[in-house]
Amino acid sequence: MKKIVFILLLLIVAVPLYAEQVFYTRGSSDIKEIALSFDDGPGLNTKDILKILDKKDVKATFFLLGTSVVKRPKLVKEIYSKGHELANHTYNHMNFFRYDEETGKEEKIKEELLSCQDLIRDITGYRTKLVRFPHGYLREDAIEIAKETNYKIINWTFGIDWERDLDQEEMLKLYLENAKPGTIFLMHDLQKNPKIVKMLPALIDKLKEKKYNFVTVGEMINKRNQEEKL
Ligand SMILES: [Zn+2]
């Protein structure tokens with residue numbers, strides 16, 4: 001009985017998430033593609049990351065934070081003009097998991113999402129289509145808002161760059177071990193992080209050697225949707 005209840009609960013939670021294609025943590029596991037994503041910028045590490053991506057001819061997805069966009073609008077234009085994908089990481093990086101349910105959480109989430117959307121659109125003309133809520137926030141309210149505002153919620157398959165104890169070699173090893181077809185990698189570009197700058201070229205080279213293609217998150221999930229429709 002307990003097992004049946006568990007399965008039913010799982011279906012109630014999982015089916016709306018996947019059936020309506022609102023939430024993703026990865027692309028198709030049948031296509032040898034990797035998506036690199038960078039959160040919280042544009043920031044102090046963005047320029048170095050852009051140089052590496054340019055040199056390696058790789059396009060990535062930047063989940064931009066409103067408070068960072070206001071500080072560095074030129075860098076937002078630069079990311080966009082280089083052909084990378086711009087995505088929404090909300091305006092203030094609030095932790096909605098802790099936000100008081102009683103005081104209009106839903107309105108707050110929507111406001112955080114749409115104010116960042118407007119900001120990015122004012123600078124680039126591009127209307128972001130993907131959102132990653134801070135701290136990977138995912139509850140029914142976020143899913144409803146995403147549907148209503150025509151966004152896809154994107155979390156990630158693997159990320160570890162915030163672990164201060166790891167040196168760049170250990171970090172590289174962990175990213176490589178977790179690279180599988182359809183993986184979305186998470187890294188951050190707000191703070192200076194020489195480890196990412198040192199690790200990233202090797203990560204890209206090694207994955208190219210293994211015949212992985214690099215795509216943006218948007219491209220990756222579009223392909224997965226097409227595949228699932230067949
Ligand atoms: Zn973040």
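Where does Asn150 lie? In the loop between helix H6 (140-149) and strand S6 (152-154). Helices here (H or I, at least four residues) and strands (E, at least two) are DSSP runs, numbered from the N terminus.

A word on the model. It is predicted, so local features need pLDDT of at least 70 and side-chain atom pairs count only at pLDDT 80 or more, while totals for chains, interfaces and linings use all residues. Residues are numbered from 1 along each chain as its sequence is written, and side-chain values use heavy atoms, with hydrogens and water left out.

Back to Asn150. Its phi is near 65°, a positive value in a residue other than glycine. Asn150 is exposed, at 60% relative accessible area. The cut-offs: buried is under 20% relative accessible area, exposed is over 50%, and partly exposed is in between, with a 1.4 Å probe and protein chains only.

Next, Asp57. This residue sits in the loop between H2 and S3. Asp57 is not a glycine either, yet its phi is positive, about 55°. Asp57 counts as exposed because its relative accessibility is 62%.

One more backbone point. Gly41 and Pro42 are joined by a cis peptide bond, with omega about 5°. Pro42 belongs to the loop between S2 and H2.

Which residues have the most contacts inside the largest nonpolar core? Leu36, Leu53 and Leu200, in a core of 38 residues. At least two core residues each come from a set of elements including strand S2 (33-39), helix H2 (46-56), strand S3 (61-64) and H8. H8 gives the largest share, six residues. By nonpolar core I mean buried Ala, Val, Leu, Ile, Met, Phe, Trp, Tyr and Cys residues joined through side-chain atoms within 4.5 Å. In soluble globular proteins, nonpolar side chains tend to be buried together.

Out to the surface. Lys32, Lys206, Lys210 and Lys211 gather in a patch of positive charge. Patch residues have over 30% relative accessible area and no salt bridge; like charges are joined within 9 Å, nonpolar side chains (Val, Leu, Ile, Met, Phe, Trp, Tyr) within 5 Å. A salt bridge puts a side-chain nitrogen of Lys or Arg within 4 Å of a carboxyl oxygen of Asp or Glu. Lys210 lies in the loop between helix H8 (194-209) and strand S9 (213-215). Lys210 is partly exposed, since its relative accessibility is 43%.

Last, Lys71. This lysine lies in helix H3 (residues 66-71). Lys71 is exposed, at 64% relative accessible area. Its C-alpha atom is separated by 33 Å from that of Asn213, 142 residues apart along the chain.

Key: Areas by Shrake-Rupley, 256 points an atom, 1.4 Å probe, with all protein chains shown as cover. Lys, Arg positive; Asp, Glu negative; His and termini not counted. Charge placed at Lys NZ, Arg CZ, Asp CG, Glu CD.
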